[in-house]
Amino acid sequence: MTADHLPHIHNPAPGLWTALGYQGRGVALATIMGRELSLRIRGGEAARDAWPVTDLRPLPFHGLRRPVLAAMRAAWRTRDGLDARSARAA
Ligand SMILES: Cc1cc2nc3c(=O)[nH]c(=O)nc-3n(C[C@H](O)[C@H](O)[C@H](O)COP(=O)(O)OP(=O)(O)OC[C@H]3O[C@@H](n4cnc5c(N)ncnc54)[C@H](O)[C@@H]3O)c2cc1C
């Protein structure tokens, strides 16, 4: 997943290339991005500008994902329990 919901190509170090961020729909797209990476690695045929090489940037607050997800799970479980109790009482 990426913040802008688009796949990205990165070149984090000389000779190291990566394509990622298919938002769960990468079966066809990863194949196309593989071709883009191949073009860039070979350096012969000019790579298309459709997929610019961008800097890797960490997702803001990504380190908080575990506690936030745990709190959301607990909140939704509590809500489900309350809903079930009201349904039984009706
Ligand atoms: C449950 C699920 C359902 C999905 N459903 C769909 C769908 O319906 N349609 C769709 O378009 N997409 C779907 N996707 C997403 C799609 O599978 C991925 O976007 C796509 O497979 C990404 O391709 P990839 O080649 O980038 O990575 P991957 O397919 O993950 O391939 C990476 C490969 O690298 C290998 N590898 C990892 N680390 C190393 C290492 N250190 N050394 C050597 N090899 C390594 C792995 O074993 C793996 O074979 C789904 C994903 C999941 C998990």
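The model is predicted, so local features need pLDDT of at least 70, side-chain atom pairs count only at pLDDT 80 or more, and totals for chains, interfaces and linings use all residues. Residues are numbered from 1 along each chain as its sequence is written, and side-chain values use heavy atoms, with hydrogens and water left out.

**Domains**
- The protein is divided into domain 1 (1-57) and domain 2 (58-90), with bounds that come from an automatic or database domain assignment.
- The C-alpha centres of domain 1 and domain 2 lie 35 Å apart.

**Largest pocket**
- Both domain 1 (1-57) and domain 2 (58-90) give residues to the lining of the largest pocket, so the pocket lies between them.
- A pocket is an open set of points on a 1 Å grid over the protein atoms alone, where a 1.4 Å probe fits, with protein on both sides within 12 Å along at least five of seven lines, and lining residues have an atom within 4 Å of a point.
- The lining of the largest pocket has 14 residues, of which T2, A3, H8, R57 and L59 lie nearest its centre.

**Ligand**
- Around the ligand are Y22, G24, R25, G26, V27 and A30, where a residue counts if one of its heavy atoms lies within 4 Å of the molecule.
- A backbone N or O atom of G24 lies 3.1 Å from a nitrogen atom of the ligand, and for G26 the corresponding distance to a nitrogen atom of the ligand is 3.2 Å.
- A backbone N or O atom of V27 lies 3.0 Å from an oxygen atom of the ligand.

Conventions: Polar contact = N/O pair within 3.5 Å; in protein donor to acceptor, adjacent residues only side chain to side chain.
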